[in-house]
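User: I would like to learn how to read aromatic ring pairs and strands in a model. Can we work through one together?
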Amino acid sequence: MERIDAHHHFWFYDPEGYAWIDDRMSVLRRNFLPEDLEPELQCAGVTGVISVEARPSWRETWQLLQFANDAKFIRGVVGWLPLIDADLPRKLPTLTDHPKLKGIRHNLQDEPDAFYMLREDFNRGLSDLKPYQLAYDILIYERHLPQTVTFIDRHPGQVFVLDHIAKPRIAAGELSPWQENLRELALRPNVYCKLSGIITEADWTNWTEAQLRPYFDVVLKAFGPERILFGSDWPVCLVAGAYQRWVDVVATLISDLPVADQALIWAGTARKAYHLA
């Protein structure tokens, strides 16, 4: 069965550019490049990946696209663009001409303004993407879900991909109000959800599959296999578990589903959401 990792990162590490990597995450304070990921993919039976931005930088987005040129297993890139830039329409073609640019993301979760996604200039910039059929990845915490619903309702023709199931408070064992708000979001058929970034929202050293299952069950019921994508969030996942361990957990979580539904979560949904060749 084909497997596509729809969420991972590469970077040339520097302390200033990746200031979000704190002392608890010291394992991430080094370069992570395609040659580091490829052996993990081979061991896990993953044949393709989507590379996602990790900093708001034109330079990093171009670097990811260069990696995609050089490595056949990189099927697509979710890069960064300055959506609030009034000159964005003129700048867009410089990136959108690249066939492996499949989506755009902005780090909404760490914006001081919790309603940043409702800014008029941000929404104007997102509308500028429409002719290019790029997905928009949503990076938020669960507390941002209500305003994110409002944001998405402004763009009914835009494909959205929710990263990390909106980061529920798994370490605290809390399902509400995340589950209610996620269900509301899932009523929008243009929204997909990545089964990724979950173990880093749990207790990094003591999480169990049993603790994760209630969150998976909510996601599965809300979105269905046809709108769920597998993602690793490598290398960030390494603070809480090895790549292969997360792949094994996902395989167990979805093992009771029909084979066709498993195939959607592993690869089919990613191909659809990101228009992969």
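User: Is Phe67 buried or exposed?

Analyst: In this predicted model, Phe67 is buried, with a relative accessible area of 11%. Phe12 is partly exposed, at 42%.

User: How do I read a pair of rings?

Analyst: A pair of aromatic rings is described by the distance of the centres and the angle of the planes. The structure holds 16 aromatic pairs. Take Phe12 and Phe67: their ring centres are 6.2 Å apart and their planes are at 40°, so the pair is tilted. Phe12 lies in the loop between E1 and H1 and Phe67 in helix H2, so the pair ties together parts 55 residues apart in sequence.

User: What are the distance and angle for Phe122 and Tyr136?

Analyst: Their centres lie 6.1 Å apart and their planes are at 85°, so this pair is edge-to-face. Phe122 belongs to helix H4 and Tyr136 to strand E5, 14 residues apart. Phe122 is buried, at 1% relative accessible area. Tyr136 is buried too, at 0%.

User: And strands? How do I read their faces?

Analyst: In a regular strand the side chains alternate between the two faces of the sheet. In E7, Val191, Cys193 and Leu195 on one side are buried, as are Tyr192 and Lys194 on the other.

User: Which strands pair with E7?

Analyst: E6 pairs with E7 in the parallel sense over 3 bridges. The chain crosses from E6 through helix H6 to E7, and this β-α-β crossover is right-handed. E7 and E8 also pair in the parallel sense, over 3 bridges. Here the crossover runs through helix H7 and is right-handed.

Conventions
Residues numbered from 1 in each chain as written. Predicted model: local features only at pLDDT ≥ 70, side-chain atom pairs only at ≥ 80, totals over all residues. Heavy atoms only, no water. Buried < 20%, exposed > 50% of the residue type's maximum accessible area, 1.4 Å probe, protein only. Helix = DSSP H or I, 4+ residues; strand = E, 2+ residues; numbered from the N terminus. Pairing = 2+ DSSP bridges. Right-handed = clockwise from strand over helix to strand, strands pointing away. Phe/Tyr/Trp six-rings, centres within 6.5 Å; stacked < 30°, edge-to-face > 60°.
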